Amino acid sequence: MALCMPEPDAGVLARRGAIVAALRRIVPDGVIDDGDCLAPYECDGLTAYRQRPMVVVLPETTAQVAAVLAWCQANGVKVVPRGAGTSLSGGALPLVDGVLLGMARFNRILEVDYPERVAVVQPGVTNLAITRAVEDAGLYYAPDPSSQIACTIGGNVAENSGGVHCLKYGLTSNNVLGVELVTMEGEVLRLGGKGLEPQGLDLLGVVVGSEGLLGVVTEVTVRLLPKPETAKALLIGFSNVESAGQCVAEVIGAGIIPAGMEMMDREAVHAAEAFVGAGYPLDVEALLIVELDGPEAECVHLVGEVERIARANGAVSVRASRDDAERAVFWAGRKAAFPAAGRISPDYYCMDGTIPRRRLPEVLRRMKELSAQFGLGVINVFHAGDGNLHPLILYDANRDGELEQAEAFGAEILKLCVEVGGVLTGEHGVGVEKRDLMPTMFTPVDLAHQQRVKCAFDPSLLLNPGKVFPQLHRCAELGRMHVHGGQLPHPELPRI
Ligand SMILES: Cc1cc2nc3c(=O)[nH]c(=O)nc-3n(C[C@H](O)[C@H](O)[C@H](O)COP(=O)(O)OP(=O)(O)OC[C@H]3O[C@@H](n4cnc5c(N)ncnc54)[C@H](O)[C@@H]3O)c2cc1C
């Protein structure tokens with residue numbers, strides 16, 4: 001589908017050679033401007049949208065990042081930050097007249113402070129590498145996106161990423177204590193630090209989840225947690241989705257916070273089992289994976305409680321992991337659900353929305369109706385404990401019009417999430433994917449105030465423009481703007 005992005009700046013394109021030369025003076029060994037070598041950067045995980053950047057710059061130090069940003073600011077050149085490029089919402093989609101600032105060379109763990117249980121890392125370090133670095137000391141970094149082997153902590157900060165264990169241990173925002181941030185003007189800020197108590201305004205809270213629109217993260221301080229003494233996972237099968245949903249509600253209602261509580265529908269179970277052989281029951285309509293952790297006695301007690309609640313809600317099968325290896329196999333199927341979908345369909349489109357848990361059966365029923373209406377299959381995996389849905393819409397990009405149908409289907413699912421009292425995104429961010437749906441959730445007043453925050457950090461709107469905000473107002477107007485009755489002033493201004 002044609003995506004409306006900021007109008008390319010003809011003046012910038014005309015100066016490409018001079019821009020590349022200037023950037024090369026700042027990062028002599030880290031500028032890519034050759035056509036074919038730019039190809040790997042033309043999209044992120046949202047592969048439906050592609051655009052080669054004008055130039056890629058791979059800085060290695062904060063000073064280089066600051067110099068690149070300050071130069072681009074002074075010369076009116078747009079910049080798109082990029083980590084590993086696994087974003088599913090197009091957050092790292094390049095611009096034809098923009099610099100793609102790749103943070104891959106920021107790949108060092110700078111310090112592990114064991115007494116304080118924190119690690120200070122560069123943003124290009126992968127999520128899983130943090131745990132790998134500290135696991136011998138019995139510690140780990142809790143947020144665990146399924147992409148954790150590849151995605152970077154800088155990308156996680158920008159997207160406020162989650163994972164199956166975030167129900168109990170929180171999202172990235174709950175596990176990041178501080179960042180070093182470079183603004184578009186090239187100023188270096190430190191927000192938060194090793195301590196738990198933030199000083200001054202909680203700007204760290206503003207920056208986590210800001211999708212690369214406010215500044216470039218050059219250092220991250222994360223909280224490390226002690227590995228739980230025991231962890232057990234339960235595979236619980238149900239003959240209908242309603243009972244599975246009710247079981248989830250009753251587990252939470254009983255005051256139990258599992259380390260993870262995931263649900264897969266019949267189609268997802270079959271796809272994952274064929275791919276991984278996790279031992280999932282194939283005769284169920286819904287499968288819950290519930291992980292309990294903590295001291296052994298507590299864990300054993302909670303396993304019993306969850307099993308009792310599951311059986312009271314008509315569970316047709318309950319199986320507990322015997323050891324850590326089997327627990328890992330239980331999770332392997334769920335974590336491979338996306339690639340498993342890739343084996344049953346030439347293409348799939350992964351959605352990400354959140355609903356109140358109790359509306360799950362209704363949302364699934366309406367999703368089935370939409371599936372019939374659009375003539376496209378859908379399989380469902382959810383972070384059931386926090387109501388975060390990941391419907392995977394199955395389509396074939398080689399068939400005329402199917403991509404557009406998949407996108408239209410996806411938009412209807414997200415509108416449905418908002419309609420039942422949920423939100424447009426759970427953890428994948430807004431990016432370009434959900435940008436134009438933002439008005440279904442936010443009023444013009446809400447959006448204007450959010451953009452004022454953007455203007456405070458990046459008044460020239462040069463950092464990652466075209467993402468998140470459906471209408472980008474010039475900051476000068478916005479500063480004076482008062483939105484009354486939802487009527488935006490200055491309708492004559494160019495909108496994205
Ligand atoms: C198979 C698969 C499974 C996934 N599973 C999950 C999941 O379980 N949970 C989840 O939350 N997400 C998941 N994702 C989405 C994705 O992995 C996350 O959004 C991740 O945080 C992106 O990290 P990245 O390093 O790839 O960032 P990119 O894709 O490179 O960038 C993402 C955004 O962050 C910005 N950015 C990157 N680095 C910086 C920086 N240093 N400073 C400022 N801005 C920056 C970019 O501009 C962009 O807006 C999955 C993706 C895939 C492909």
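Predicted model: local features only at pLDDT ≥ 70, side-chain atom pairs only at ≥ 80, totals over all residues.

Leaving aside residues up to four places away in sequence, Ile344 touches Ala271 and Leu394, where a contact requires that the two C-beta atoms, placed from the backbone, lie within 7 Å. Residues are numbered from 1 along each chain as its sequence is written. Between Ile344 and Leu394 there are 50 residues in sequence, and their C-alpha atoms are 8.4 Å apart in space. Ile344 belongs to helix H14, residues 337-344; helices (H or I, at least four residues) and strands (E, at least two) are DSSP runs, numbered from the N terminus. Because it has 16 C-beta neighbours inside 10 Å, Ile344 counts as partly exposed, a class that lies between buried (20 or more other C-beta atoms within 10 Å of the residue's own) and exposed (12 or fewer), with C-beta atoms placed from the backbone.

Which residues of H14 are buried? They are Ala337, Ala340 and Ala341, and because they cover an arc of only 105° around the axis, they are on the same side of H14; the arc is that of the directions from the helix axis to the C-beta atoms. The cover over the buried residues of H14 includes helix H11 (266-276) and helix H13 (324-335), together with strands E13 (260-265), E16 (347-350), E18 (378-383) and E19 (388-395).

Asn398 lies in the loop between E19 and helix H16 (402-419). Asn398 is exposed, because 9 other C-beta atoms lie within 10 Å. Asn398 and Gly431 are 33 residues apart in sequence, and from C-alpha to C-alpha they are 25 Å apart in space.

The buried residues of H18 are Leu447, Gln451, Lys454 and Phe457, and because they cover an arc of only 100° around the axis, they are on the same side of H18.

The loop between H18 and helix H19 (475-480) holds Asn464, and Val468 is found in the loop between H18 and H19 as well. Most residues other than glycine have a negative phi. Asn464, however, has a positive phi near 50°, and Val468, which is not a glycine, has a positive phi of about 70°. Asn464 counts as buried because it has 29 C-beta neighbours inside 10 Å, and Val468 is buried with 24 other C-beta atoms within 10 Å.

Which residues come nearest to the ligand? Of the 36 residues around it, these are Gly83, Gly91, Gly154, Gly155 and Gly212, a residue being near when its C-beta atom, placed from the backbone, lies within 6 Å. Strand E3 (78-82), helix H6 (153-159) and strand E10 (216-223) are the elements that give two or more residues to this shell, and H6 provides the largest share, 5 residues. The residues of the shell divide into 13 nonpolar, 18 polar and 5 charged, where Ala, Val, Leu, Ile, Met, Phe, Trp, Tyr, Cys and Pro count as nonpolar, Asp, Glu, Lys and Arg as charged, and the others, Gly among them, as polar. Domain 1 (10-102) and domain 2 (109-226) each contribute at least three residues to the shell, with bounds that come from an automatic or database domain assignment.
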